[in-house]
Amino acid sequence: MRSFKNALGRFTAATLVTGIALTTMHTTASAGELPAGSHRLGVLADGKLQVKEGTLYAGWVEQMGGGVQKFDVAGDRIGVLTNDNKLFVKEGNLWSGWTEQAANVKDFRLTGNRIGVIRQDTTLAVKEGDLNAGWVEQTSGVKDLELSGNRVGVVLENGLATVKEGTLYSQWVDQLGGVADIELSADRVGVLRTDGTVAVKESNLWSNWVEQIGNVARVELSGSMIGVVTNDGLATVKEGNLYAPWVNQTSGVADLQIAGDRIGVLTTGGLVTVKEGGLYGSWVNQYGGAQSFRLAAATSSQGGKHVSQQDIVNIYGSAYATDTVATGLPGLNEQMEAAGITSPTRKAALLATLKHESGFRYNAGEAGNGAVYKGRGFIQITNDFNYQAITNYFGHDFMNHPEDAAKVEWSAKIARWYWTVARNINASADAYDMGGVGRAIGYSYDLDPTESQNRCTSYKKALAYFNGGSLPVAESSIKCLRR
């Protein structure tokens, strides 16, 4: 996120029916998730589906040799909608067999251990668990569906976007009217309106909308990234908070996909090309003559001593099940121990901060800022006086090598320095004062009070999690606003 370090810087009653399936991530691979370190990329061409797993240079494995109109990939699951409107799903490796799920299907989505279908009659059903689980009816009049974590989002035929969170029997919470498409990712809800404008909210289903951009044909959310394809074919992506600047990717684009640290596009000419490493990676051409494509992010079993990747996913969603997050966690945990960040409130304060500052990525950089001393790393260290201060403290020349602040060997150390040496942020965490934490971090005052409340919501989620499921103090005693 763009930081300013001062002084130092989401209608029918649900009933079980039969006959008509986001990866719940664990620290070891199981049904519904990819093995640690894996990625998947699928392409549909001439009705044939092919998928590769691993690097961008891996070989293709044919999945279905024809008759496919749509497909999806999520974790270790692959779903196909055939030309006769039947849904088939497989899970496990790329050579697994297909299991028929439903007939008379118009559209579908996969995410973890959930499968959602829009039938030809516009009714929506979702199943949760294994591929033989029963369907739970959701609502009718549905034209668009999105699944993410424990959220189900739909756009109804009248243009109303509505989202439920929790179990499949939870109540719908209406979001906006005049919507063409809905996207979900972690704690974010995004809509593309019929007029081509995009708005996104984060934290809870009652948060305020933040307007993003107009003239949009396609929108995509993934983790801390928001991507759009404009009506004139430009793919542009932002990363960080909802106010981050856009970074143009490429032109002549028909579709855009984001998963983990990969960004992929389908050009108007049918070429699929993908970059990895974030906004500034290099494109690697994948497939020509494609009709559509999908990306699936990797999961990882690598965790840490105090905070595991599973902890982060449990709190904030599977968008953070990436190799980049996993790579940075051992060093972060080492520095957390050194800084005494081991209590539930201290860990919650740090995680809430890193979620909004860097999305738990050690190599995060302040997108769109060409300044030499722009925000970098877990904590988004910013400004020349801070780079000089860490140069003096660590004896490493960050003034002439500022890019080192976003390297895995330094990023967590700098975060610990800022938390304990440049500031005494543990004291605010101990007092359940997330406003004080925010004041010390120093993000832009222009983002308040929305940013303070969003960070505080993230803090409460983590605090309850590390405290065994409930807050250790009355919610009213938690200070959220900066003063």
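At what angle do the axes of helix H4 (residues 384–394) and helix H5 (residues 408–422) cross, and within what distance do they come? The legends below take up this crossing and a sheet. The structure is a predicted model, in which local features need pLDDT of at least 70 and side-chain atom pairs count only at pLDDT 80 or more, while totals for chains, interfaces and linings use all residues. Residues are numbered from 1 along each chain as its sequence is written, and side-chain values use heavy atoms, with hydrogens and water left out.

**View 1. The crossing of helices H4 and H5.** The two axes come within 11 Å and cross at roughly 100°, which makes H4 roughly perpendicular to H5 (a term for angles of 65 to 115 degrees). Axes are lines fitted to C-alpha atoms, for helices over the stretch in contact, with angles running from 0 to 180 degrees between N-to-C directions; helices are DSSP runs of H or I with at least four residues, strands are E runs of at least two, and both are numbered from the N terminus. On the H4 side the contact (heavy atoms within 4.5 Å) is made by Asn-386, Ala-389, Ile-390, Tyr-393 and Phe-394, and the H5 residues taking part include Trp-410, Ile-414, Trp-417 and Val-421.

**View 2. The open sheet of four strands, in the order E13-E14-E15-E16.** Pairing in this sheet is antiparallel, two strands being counted as paired if DSSP finds at least two bridges between them. Strands E13 and E16 (173–176) stand at the edges with a single partner strand each, so one side of each is left without a neighbour in the sheet. From one strand to the next the twist averages 25°.

**View 3. Strand E14 (residues 151–156) and its covered faces.** Six of the six residues of E14 are buried, that is, under 20% relative accessible area with a 1.4 Å probe and protein chains only. Arg-151, Gly-153 and Val-155 lie on one side, and Val-152, Val-154 and Leu-156 on the other.

**View 4. The hairpins on either side of E14.** Strand E13 (residues 142–148) pairs with E14 in the antiparallel sense over six bridges; Leu-147 stands opposite Val-152, and Asp-144 has Val-155 as its bridge partner. Two residues separate these strands, and Gly-149 in the turn has a positive phi of about 55°. With strand E15 (residues 161–165), E14 pairs in the antiparallel sense over five bridges, and Arg-151 stands opposite Glu-165. This second hairpin has four residues between its strands, with Gly-159 taking a positive phi near 90°.

Conventions. Buried means under 20% relative accessible area, exposed over 50%, partly exposed in between (1.4 Å probe, protein chains only). Angles under 35 degrees count as roughly parallel, over 145 as roughly antiparallel, 65 to 115 as roughly perpendicular and the rest as oblique.
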